[in-house]
Amino acid sequence: SDRLGLRASRIPLRRLVLLVLGTVAFSLCLDAVIDVCGLGEHGSLAELEAALAGVRGHTLVLALLGIGLAPGLAEELLCRGLVQRGLAPSLGAPAAVALAALFFGALHIDPVHASFAALLGLYLGALCHVAGSVRPAIVCHTANNVCAVLLSAWLPQLAMPPAASI
């Protein structure tokens, strides 16, 4: 657990709540930028939103576990826990955060989703470094994914003007 950075965080709970809100807000801004640029109509993010539109019951629970919880835990343990913490001693924290963020983006394959994820990976990597633990990044990533699933399922017709959300 020490190798992966699973020890307790240096960030108090009240600040973690703000960081979770910041993660979701940053993600919504990135999503709005994608929409403004006209890149949100195709690709994996659009397919995911369409697949989740209106889901309820057991399907929603499975989506929350499979898209919300599992990737937040697994991707953070891999990217921030194994890769970033593994590179930091030899390359230094800034390079480790940047390379882990690029790796995180590459895991998402689709070019639009990958660039979105890489930018979010910088935020999560910096958070992980400052916290001295991967736990806050897991919480923030999972909260972001859960919000994305719930918004796609419950409010698929949400028509917030992208400029307003930015």
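Mentor: Aromatic pairs come to a count of 1 here, taking ring centres within 6.5 Å as the criterion. Another ring contact involves a charge: the charged end of R80 lies over the ring of F104, at 4.5 Å from the ring centre.

Now the helix pair. Two packed helices are described by the angle between their axes and the distance between the axes. For helix α5 (residues 111-131) and helix α6 (residues 135-154), the axes come within 8 Å and cross at roughly 150°. Angles over 145 degrees count as roughly antiparallel, and α5 and α6 are therefore roughly antiparallel to each other. On the α5 side the contact is made by L120, L124, L127 and A131, and on the α6 side by P136, A137, C140, H141 and N144. Of these contact residues, 7 are nonpolar, 2 are polar and none is charged.

As for confidence, the model is predicted. The protein chain has a mean pLDDT of 91, with 93% of its residues at 70 or more. Confidence is highest in helix α4 (residues 93-107), at 98, and lowest in helix α7 (residues 162-165), at a mean of 52. Where pLDDT is low, the predicted coordinates should not be read in detail.

Definitions and conventions
Residues numbered from 1 in each chain as written. Predicted model: local features only at pLDDT ≥ 70, side-chain atom pairs only at ≥ 80, totals over all residues. Heavy atoms only, no water. Axes fitted to C-alpha atoms, helices over the stretch in contact; angles between N-to-C directions. Helix = DSSP H or I, 4+ residues; strand = E, 2+ residues; numbered from the N terminus. Parallel < 35°, antiparallel > 145°, perpendicular 65-115°, else oblique. Contact = heavy atoms within 4.5 Å. Nonpolar A, V, L, I, M, F, W, Y, C, P; charged D, E, K, R; others polar. Phe/Tyr/Trp six-rings, centres within 6.5 Å; stacked < 30°, edge-to-face > 60°. Lys NZ or Arg CZ within 6 Å of the ring centre and 35° of its normal. pLDDT = per-residue confidence, 0-100.
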